[in-house]
Amino acid sequence: MMQLQLLLCAALFAQTDAISLKTDAATMEDTTGGPIMMVTFDHRYLPLWNCWAQALIDVNKKYPVSVVALDAEVAEGVKEWAKSHSQLRVVVDDSHVPDEKKVAMSMWPPTSYERLLWTAIQDRFKEGYSAVIKSDLDALLMRDPEPLLANGSDADMILAPDGYPPGNKHGSFNPGFSLFRNTPATKNVINGLANAWATNTQPKDGTGENDQSMLSAALNKLGCTEGLGAKWEMSNGYHRGQCGSVKLALFKDQILRGTHCSGTWSLCMSQHQAAYVYHDRDPMLKKKCGVLPKDR
């Protein structure tokens, strides 16, 4: 009888441990110290959640996942999903959910995403995580990212370049799949971006306020390595340089876009052995997930 009671208690603990819901500023216990993966989305991307989470389960079940819910539908949907998927430690941050059921419809990403992204990263740092692996839901893991991220362990940020480097003085850094390490240099940039939204001093031109533009502008303002050759060194699969005191490692072949892939998902993986992440909203994503997000 005693053994049965212990087994039932253990099963209940395992189930609740996988769902952990954050409803206030309380820290997430017993997962802090290492890196955490983080996704931020509203109901339009909820159909992709199962596919994204399963791709992570297939390659790495070690990382806890912070789901920053932008509406109640996401918070409730992910909590329900977690009840039958104990393989992942999922923590739903619903502290930013508005009173209404859904955020106002607009082009993705909505303003709520742009404003809360940097605050959510700040929160994960305050909770004691050594790094935030930030992922869009249309960025599917193809292989275990741990060796990839370990190769960039000396970088404050690991980002995807959009035209930078090499040689583009005002290049763009894409955080669609990225790593932000909990270092003073990184926190200085993230705090500045969060403060811009808090003080209503963010760009208001309709495009400059998106996460990619704001992050790129903040880094370029610090003064980034320019040009070809030794100025951007190639090491362990990364372009390496600096923006001010921020050490950057930029993906080269590790992020795969739809223009580079055709046929089946398995064929795509076999043809791109250097790729760790597939990031695009295209027919290949629909082949893998059976659905595409609704951007409007």
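## Two asparagines with positive phi

Let's start with Asn200, which sits in the loop between α6 (184–198) and α7 (211–222). In this predicted model, Asn200 has a positive phi of about 60° although it is not a glycine. Most residues other than glycine have a negative phi. Asn200 is partly exposed, with a relative accessible area of 48%.

Asn236 is another residue to look at here: its phi is positive, near 50°, and it is not a glycine either. You will find Asn236 in the loop between β9 (233–235) and β10 (238–243). With a relative accessibility of 52%, Asn236 counts as exposed, because the cut-off for that label is over 50%.

## A three-stranded sheet

Next, have a look at the open sheet of 3 strands, whose order is β6-β13-β12 and whose pairing is mixed. Its edge strands are β6 (139–141) and β12 (255–256), each of which pairs on one side only.

How do β6 and β13 pair? They run in the antiparallel sense, and 3 bridges link β6 to β13 (residues 277–279). To locate this pairing on your screen, go to Leu141, whose bridge partner in β13 is Val277.

## A buried glutamate

Glu114 belongs to helix α4 (residues 111–126). Glu114 is buried yet has no salt bridge. Which side chain of opposite charge is nearest to Glu114? That is Lys134, 8.0 Å away; a salt bridge would need the side-chain nitrogen and the carboxyl oxygen to be within 4 Å.

The side chain of Glu114 does have a polar atom 2.7 Å from the backbone nitrogen of Asp211.

## Two disulfides

The model has 2 disulfides. One of them joins Cys51 and Cys289, with the sulfur atoms 2.1 Å apart. The torsion about this S-S bond is about -70°, so the disulfide of Cys51 and Cys289 is left-handed. Cys51 lies in helix α2 (residues 46–59) and Cys289 in helix α9 (residues 283–289), so the pair ties together parts that are 238 residues apart in sequence. Both Cys51 and Cys289 are buried.

Cys224 and Cys243 also form a disulfide, and their sulfur atoms are 2.0 Å apart. Is this disulfide left-handed or right-handed? The torsion about the S-S bond of Cys224 and Cys243 is about 105°, so the disulfide is right-handed. Because Cys224 is in the loop between α7 and β9 while Cys243 is in strand β10, this pair ties together parts 19 residues apart in sequence. Cys224 is buried, with a relative accessible area of 11%, and Cys243 is buried at 0%.

How values were computed:
Residues numbered from 1 in each chain as written. Predicted model: local features only at pLDDT ≥ 70, side-chain atom pairs only at ≥ 80, totals over all residues. Heavy atoms only, no water. Helix = DSSP H or I, 4+ residues; strand = E, 2+ residues; numbered from the N terminus. Buried < 20%, exposed > 50% of the residue type's maximum accessible area, 1.4 Å probe, protein only. Pairing = 2+ DSSP bridges. Lys, Arg positive; Asp, Glu negative; His and termini not counted. Polar contact = N/O pair within 3.5 Å; in protein donor to acceptor, adjacent residues only side chain to side chain. Disulfide = S-S within 2.5 Å.
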